[in-house]
Amino acid sequence: MIKLSDRLQIIHDMVPKSVVADIGSDHGKLMVALVQSETITKGYAVENKEGPFERLRSNLIRYHVNDKITPLFSDGLKDLPRDTQTIVIAGMGGLNIVKILKAHPEKLVRVNTIIIDAHTAVPLARKEICQMGYAIADEKIVKEDDIFYEIIKFIKADKAIITDEDLEFGPILRQEKSATFKEKYQSRIFEIDTILAKGSLPKARIHSLNEEKAKLERYL
Ligand SMILES: C[S@@+](CC[C@H](N)C(=O)[O-])C[C@H]1O[C@@H](n2cnc3c(N)ncnc32)[C@H](O)[C@@H]1O
């Protein structure tokens, strides 16, 4: 069995039995693991850069899943087959993820599940994907190599109502308040205290840091 990082394992565990496309598949480890765990029997691994694409192709062969997973050298959703039901986009900035999803809305018609791991602009990704007609069904936060990752699963929904707090902290994450969630915001509070302690900041900056700290404390 291929070994996944904690982050990729969480993504793996959120994937429903379906035809899956992994956009920005790189090494292809997620798709290999999904076949090995018998979660999927068909999928597409999409890469738009030559080096990662070659690595992906050879990993699919090495792990004997090349009869089930089709590698596509392509940009985002552009050449995605019509039978795709689940899309995974992990390990990219939130802006890039949204750009990829918005570039081909016609490809989302049959897509019931979108799973993202946005490394930046997470609130924006939540907002934009909800506006595309999806609701947040699951969320997890994980810390790896001192970086916090938020993994979000969206499912197709008629109407998703999401508050500003939900966008920022995650509707499920902020209810669950896991130890990792608390650690993320405690470390930001510590950072704010360190900046404030150094002094010589403009009044407006002190005010905004104190406001941010008070808001974070409300969610811990
Ligand atoms: C940092 S890696 C993440 C790999 C893997 N998804 C993970 O989470 O471990 C991002 C990959 O996405 C690919 N990528 C970025 N934009 C893409 C696009 N528009 N279409 C296909 N692949 C893309 C990059 O070439 C890179 O291999």
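1. Let's start with handedness: a crossing is right-handed if the near helix is turned clockwise from the far one by less than a right angle, and left-handed if it is turned anticlockwise. By that rule, α1 passes α2 in a right-handed crossing. The residues in touch are Leu 8, Ile 11 and His 12 on the α1 side, with Lys 29, Leu 30, Ala 33 and Leu 34 on the α2 side. Bear in mind throughout that this is a predicted model.

2. Now the geometry of that pair. Two packed helices are described by the angle between their axes and the distance between the axes. For α1 (residues 6–14) and α2, the axes come within 10 Å and cross at roughly 50°.

3. Leu 30, Met 31, Val 32, Ala 33, Leu 34 and Val 35 are its buried residues. That makes six of the eight residues of α2, so the helix is largely enclosed by the rest of the structure. What do those buried residues pack against? The partners are the helices α1 and α3 (50–62), along with the strands β1 (20–23), β2 (43–47), β3 (69–73) and β4 (86–92). Just after α2 comes Glu 38, with a positive phi of about 60°.

4. Next, the core. The largest nonpolar core has 49 residues, and Val 88 and Ile 116 are the ones that touch the most other members. Helix α2 (residues 29–36) gives the most to this core, contributing six residues. As for Ile 116, leaving out residues up to four places away in sequence, the residues it touches are Ile 89, Ala 90, Ile 97, Ala 125 and Ile 152.

5. On the overall layout, the protein is divided into domain 1, covering 6–162, and domain 2, covering 182–218. Taken over C-alpha atoms, the centres of domain 1 and domain 2 are separated by 34 Å.

6. Asp 146 and Lys 184 are 38 residues apart along the chain, and their C-alpha atoms are separated by 9.9 Å. Asp 146 sits in the loop between β6 (134–144) and β7 (147–156). Is Asp 146 buried or exposed? It has 6 C-beta neighbours inside 10 Å, so Asp 146 counts as exposed.

7. Over to the other helix pair. Helix α8 (residues 179–198) and helix α9 (residues 203–218) pack with their axes 10 Å apart, at an angle of about 155°. Angles over 145 degrees count as roughly antiparallel, so that is how α8 and α9 run relative to each other. Their crossing is left-handed. On the α8 side the contact involves Tyr 185, Arg 188, Ile 189, Ile 192, Ile 195 and Leu 196, and on the α9 side Ile 206, Leu 209, Glu 212, Lys 213, Leu 216 and Glu 217.

8. Two loop residues are worth checking for backbone geometry. Lys 177 is not a glycine, yet has a positive phi of about 45°. Lys 177 lies in the loop between α7 (173–176) and α8, and counts as partly exposed because it has 13 C-beta neighbours inside 10 Å. Ser 200, also not a glycine, has a positive phi of about 45°. Where is Ser 200? Its place is in the loop between α8 and α9. With 4 C-beta neighbours inside 10 Å, Ser 200 counts as exposed.

Notes. Residues are numbered from 1 along each chain as its sequence is written. This is a predicted model: local features need pLDDT of at least 70, side-chain atom pairs count only at pLDDT 80 or more; totals for chains, interfaces and linings use all residues. A nonpolar core is a set of buried Ala, Val, Leu, Ile, Met, Phe, Trp, Tyr and Cys residues joined through C-beta atoms within 7 Å. A residue is buried if 20 or more other C-beta atoms lie within 10 Å of its own, exposed if 12 or fewer, and partly exposed in between; C-beta atoms are placed from the backbone. Helices (H or I, at least four residues) and strands (E, at least two) are DSSP runs, numbered from the N terminus. Two residues are in contact if their C-beta atoms, placed from the backbone, lie within 7 Å. Domain bounds come from an automatic or database domain assignment. Axes are lines fitted to C-alpha atoms, for helices over the stretch in contact, and angles run from 0 to 180 degrees between N-to-C directions. Angles under 35 degrees count as roughly parallel, over 145 as roughly antiparallel, 65 to 115 as roughly perpendicular and the rest as oblique.
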